[in-house]
Amino acid sequence: MHSAQELVANVVTLASLPTVYLRIRDELDTPTGSATSVAHAISADPAISSSLLRLANSAFYGYGGRIDTITRAVTILGIQQVHDLVLAISASGAFPLFAPRYLDMPRFWRGSVMRGLAAREIGRNRGMIGVERLFVIGLLSDIGHLVMYQTIPELTHEARTVATANREPLHEVERRIAGCDHAEVGAALMAQWHLPTTFVDIIGAQGNPRLAGDYVHEAAMVHVAARIAEADQENESSTAAA
């Protein structure tokens, strides 16, 4: 049996966040942090810069190509939102050489985006402030599975197979077979990356939102978003099989 901390410890050297993200986080944590210094840090990384501008000008934000520089992106979106976008970009690239035997990576990331979009929409319908952060949390909510499929692929695959066959909650089967579930592992990775407590608590409690403390409502939204994404992928699979 394995613990979430053990699995993360075995993979963390391969799944580290880039220096540019760490610099942005430092700027947020520093009283003297400024939009100018954040923009300068991002501009030093061409790949993240281009990804950030593409996201900022996507239909998700609706600026229609009007954000043409990193400085303008930081000014319009704000340091906190830029931090979250760079985090999402960085996390998606933290497993660059990962080719799991039992996991379809394009399908995994499509499902992750669906989780983020669903979580954001649920939050928006409830009048929640800061739904963009909820999108990023939803996007990262299944990242524990990347760690599990890399460190204990056979057990992780077995748990999903059993859960599907018996129609049991996946997180319960994972704990029974592997010793921990993907939510615990995801929370452990968020903690290892020193992300805000909101990420750790919400992702860790997505299977049982009542355990999220002050973030119980957000965890419930991510829980529902995960069910929506799973239903969407099941429907996709059924359509493909037909």
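**Pockets, helix packing and selected residues in a predicted model**

In this predicted model, the lining of the largest pocket draws at least two residues from each of α7 (105-125), α9 (144-151), α10 (153-166), α11 (170-178), α12 (182-192) and α14 (216-241). Helices (H or I, at least four residues) and strands (E, at least two) are DSSP runs, numbered from the N terminus. Residue numbers start from 1 along each chain as its sequence is written, and side-chain values rest on heavy atoms, with hydrogens and water left out. Because the model is predicted, local features need pLDDT of at least 70 and side-chain atom pairs count only at pLDDT 80 or more, while totals for chains, interfaces and linings use all residues.

The largest pocket holds about 910 Å³ of space. Its lining comprises 32 residues, and those closest to the centre are Arg160, Thr164, Leu170, Glu230 and Glu234. Here a pocket is found on a 1 Å grid over the protein atoms alone, as an open set of points where a 1.4 Å probe fits, with protein on both sides within 12 Å along at least five of seven lines; lining residues have an atom within 4 Å of a point. Grid points are joined across faces, edges and corners, and a volume is the space filled by probe spheres set on the points. Helix α14 gives the most to this lining of the largest pocket, nine residues. By class, the lining of the largest pocket has 11 nonpolar, 11 polar and 10 charged residues, where Ala, Val, Leu, Ile, Met, Phe, Trp, Tyr, Cys and Pro count as nonpolar, Asp, Glu, Lys and Arg as charged, and the others, Gly among them, as polar.

The second largest pocket has a volume of about 290 Å³. Among its 14 lining residues, Leu55, Ala88, Ile89, Phe135 and Leu139 lie nearest the centre. Two or more lining residues come from each of α4 (46-56), α6 (79-92), α7 and α8 (131-140), with the largest share, four residues, supplied by α6. The lining of the second largest pocket divides into 10 nonpolar, three polar and one charged.

Helix α8 is itself largely enclosed by the rest of the structure, because eight of its 10 residues are buried (buried means under 20% relative accessible area, exposed over 50%, and partly exposed in between, with a 1.4 Å probe and protein chains only). Gly138 and Leu139 are among the buried residues of α8, and both are touched by Ser112, a residue of helix α7. Contact means heavy atoms within 4.5 Å. Ser112 is likewise buried, at 1% relative accessible area.

Turning to helix packing, α1 (residues 4-11) and α9 meet at an angle of about 75°, with their axes 10 Å apart. That angle makes α1 roughly perpendicular to α9, a label for angles of 65 to 115 degrees, whereas those under 35 count as roughly parallel, over 145 as roughly antiparallel and the rest as oblique. Axes are lines fitted to C-alpha atoms, for helices over the stretch in contact, and angles run from 0 to 180 degrees between N-to-C directions. Leu7, Val8, Asn10 and Val11 of α1 make the contact with Val147, Met148, Gln150 and Thr151 of α9. Also in α9 is Tyr149, which is buried at 3% relative accessibility.

Finally, two loop residues deserve a look. Most residues other than glycine have a negative phi. Arg167, in the loop between α10 and α11, has a positive phi of about 55° and is exposed, with a relative accessible area of 79%. His194, in the loop between α12 and α13 (197-204), has a positive phi near 60° and is exposed at 57% relative accessibility.

Notes:
Lists of a residue's contacts leave out its neighbours within four places in sequence.
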